Structure formats: structure tokens, C-alpha cells
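Let's take a walk through this structure together, with an eye on how charged side chains pair up. Have the sequence and the model side by side as you read.

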Amino acid sequence: MAERKVTVVAEVGLHARPAATFVQTAAKAEGEVTIAKPGKDPVNAKSILAVMGLDVRQGEEVVIAGDDEILLDELAAIASAP
């Protein structure tokens, strides 16, 4: 499983503008895609409730993991886009 560590520029959680785009992109993966704050349990990135429940704030680091490296790059770009 590959990972991407991303410093979040736009919020990817509650009240976040890119949350829906993030989830729509994650849903394209055939396998599981997760997102987690370092040291925290990962949550399923395909669930809007899970992403919103993670409630990542600007400047926080997250770890996005999955088998599709191209998709991980897309998700990292969404999370780090201003």
C-alpha cells in the first residue's frame, strides 16, 4: 500500500470546500483508500461522513493511503490546493 503525506492547505473536513471532490475522487479507486492524521486510526476516504468526521484543519498533516498511486497523487493535489 502506498502513502502520501500531505499538508492540508484547504480544509478537508467539516465545512470544507473540497471535501466532496476529495470523496468523489477517492470513490474511483477499486480498493480501499484511507486518510488519517499521523498517529490516528485511518478512516475510509470514500465516505463523506468519514472525511467530514476527520475534520482536518488548514496546516495539519494527513496521510492518504491506497494501492493506486496515480489516484493518491490526485487526492494529495485536492488536499493541498489553495
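Is D73 buried, partly exposed or exposed? The model you are looking at is a predicted one, and in it D73 has a relative accessible area of 42%, so D73 counts as partly exposed.

Now follow D73 to its partner. The side chains of D73 and R4 meet in a salt bridge, at 2.7 Å from N to O. Because D73 sits in helix 3 and R4 in strand 1, this pair ties together parts of the chain that are 69 residues apart in sequence. The two side chains also make a polar contact, again at 2.7 Å.

E69 forms a salt bridge with R4, and here the closest N and O atoms are 3.1 Å apart. E69 belongs to helix 3, which spans residues 69-80, and R4 to strand 1, so this pair joins parts that lie 65 residues apart in sequence. Taken together, R4, E69 and D73 form a linked network of salt bridges. As a general point, side chains of opposite charge can pair when their charged atoms come close.

R4 counts as buried because its relative accessible area is 18%, under the 20% cut-off. E69, by contrast, is partly exposed at 45%.

Let's move on to another pair. By the rule used here, the model holds three salt bridges, and one of them joins E60 and K37, with the closest N and O atoms 3.5 Å apart. This pair links distant parts of the chain, 23 residues apart: E60 is in the loop between helix 2 (48-54) and strand 4 (61-66), and K37 is in the loop between strand 2 (34-36) and strand 3 (43-44). E60 is partly exposed, with a relative accessible area of 27%, and K37 is partly exposed too, with 23%.

Our last stop is a proline. P18 lies in the loop between strand 1 (2-7) and helix 1 (19-26). With a relative accessible area of 9%, P18 is buried. Not counting residues up to four places away in sequence, P18 touches A10, E11 and I78.

Technical notes. Residues are numbered from 1 along each chain as its sequence is written. This is a predicted model: local features need pLDDT of at least 70, side-chain atom pairs count only at pLDDT 80 or more; totals for chains, interfaces and linings use all residues. Side-chain values use heavy atoms; hydrogens and water are left out. Helices (H or I, at least four residues) and strands (E, at least two) are DSSP runs, numbered from the N terminus. Buried means under 20% relative accessible area, exposed over 50%, partly exposed in between (1.4 Å probe, protein chains only). Contact means heavy atoms within 4.5 Å. A polar contact is a pair of N or O atoms within 3.5 Å; within protein, one must be able to donate a hydrogen and the other to accept it, and residues adjacent in sequence count only if both atoms are side-chain atoms. A salt bridge is a side-chain nitrogen of Lys or Arg within 4 Å of a carboxyl oxygen of Asp or Glu.
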